[in-house]
Amino acid sequence: MIATQLATDSIAITRTFDGIEEAAHRIIEQLGGMASVTRGARFALLKPNFVAGRSAETGSTTSFALLKAVAEEVRACGAEPVLCETPGTEFDREATYTILGVEKFCAENGIRIVRVDPEGGDQDWVELRPPGARQLRRFHVPRFLQEACLINLPVLKTHVVSTMTLGMKNPMGILPRPDRRAMHTFGIDQCIVDMNRGIKPDLTIVDGSVGQDGEGPLYGDKADLQVLVAGRNSLAVDLVCCQLVGVKPHDIPHLRLALEQLGKPSWTLVGEDIGMIKQFRLPKQKALYRFIFWLMYPLDYPYNWIAERGKHFCTTLYGTGLVGTRPQINEVSCTRCGVCVETCPLPNVIDLKTLKVNYKTCQRCLLCYEACPENAISVKGYSGTRRPS
Ligand code: SF4
Ligand code: SF4
């Protein structure tokens, strides 16, 4: 390991042509080595993007290869790698972990999983009140973070609600759901800026090994960027990512607000200066979809008074099978071969007798849709999704 001090204004770019793990080790070295990130901390909290059960190959989630390399670097510095992540509110954490194989991967690679109570509470959470915040004036982070350095591992992709999701948005996954509900309700873009006044990762490595454009963050088009971008300043990292995919930062509302309120950071590029890799197609902003998506969060406040703990308005709504991207079996084309049932990573979601999908437990990974040999499964939904790639 190289133990020189990490320059705070350095941003590194490297391609993953020789493998994601190799590229990850290289980019950490380019930034001065992991010891300058952990700086004697006992723990390193790894925050991937596991927003839902869609594999890294789709460009939706952080690749295991990147996590593995980062965990190795952390351990070599004498710190323990710890993973903490809660998927989007409409998804179940344990089911998401099962679909992605998170438990097995972490067990094989010596990464401890910390399961904080996603609904909040004093036991697992500590409150932050970042000075200068305009909307998200107080929020909570895992208590555990007080003893750990934070390594932020987002994916380079578009987002139908926030236009892009990169380094600045990714820490939302370590906030409890009540705070995430507040962020959506009071304006996601301003709240992302506010959150970044309180959460400053010690290192951000953006996983652009695949990435996604169009109707991301789950069902967009695979971008196949083959790049990693890393640095300490999340805004600077995000601005460099925008350059690589031909996106103007002012077209991304939370980046525009960050530039206005936090100021434009300066940085020195280390590693490869590669110009634009691909012109990203930004999601089409369907006003009605955005409004309906937003409405789920304010409605969750009164819903919480009557619902049992852990139940949210959006999970109930998605459970009806009337909204959200979801698989549906066409009885006419289906031969009842059972491939979809065998492919589904979760038990008892598809009923082969009735050809119905249980939308209360289905996590919308679409593995059944991709596996069906008869093309008898269609994808319904109101998220602007095209046929998923
Ligand atoms: S895989 Fe397709 S054809 Fe086979 S049972 Fe499922 S829906 Fe029917
Ligand atoms: S039914 Fe299909 S979309 Fe739902 S969890 Fe199973 S494989 Fe994934």
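Modeller: Let's start with a facing pair: I13 stands opposite V229 in β12. This is a predicted model, so local features need pLDDT of at least 70 and side-chain atom pairs count only at pLDDT 80 or more, while totals for chains, interfaces and linings use all residues. Residues are numbered from 1 along each chain as its sequence is written, chains are lettered from A and ligands numbered from 1 in the order in which they are written, and side-chain values use heavy atoms, with hydrogens and water left out.

Back to the strand. I13 faces β12, and strand β1 (residues 10–15) is joined to β12 by five bridges, the two running antiparallel. (Strands are DSSP runs of E, at least two residues; helices are runs of H or I, at least four; both are numbered from the N terminus. Two strands pair if DSSP finds at least two bridges between them.) Strand β10 (residues 203–213) also pairs with β12 in the antiparallel sense, over five bridges, and there I205 stands opposite A230.

How covered is β12 itself? Strand β12 spans residues 227–231, and five of its five residues are buried (buried means under 20% relative accessible area, exposed over 50%, partly exposed in between, with a 1.4 Å probe and protein chains only). V227, V229 and G231 point one way, L228 and A230 the other way, and all are buried.

Now for a loop residue. R54 sits between β2 (43–48) and α3 (64–76), and with a relative accessible area of 2% R54 is buried. Its side chain reaches the backbone oxygen of L218 at 3.0 Å and makes a polar contact with the side chain of E370 at 3.4 Å. (A polar contact is a pair of N or O atoms within 3.5 Å; within protein, one must be able to donate a hydrogen and the other to accept it, and residues adjacent in sequence count only if both atoms are side-chain atoms.)

Last, the rings. The structure holds six aromatic pairs (rings of Phe, Tyr and Trp, its six-membered ring, with centres within 6.5 Å; planes under 30 degrees apart are stacked, over 60 edge-to-face, the rest tilted). One of them is F43 with F144, a tilted pair at 5.1 Å centre to centre and 45° between the planes. F43 lies in strand β2 and F144 in the loop between β6 (139–142) and β7 (148–153), so the pair ties together parts that are 101 residues apart in sequence. F43 counts as buried at 8% relative accessibility, and F144 does too at 15%.
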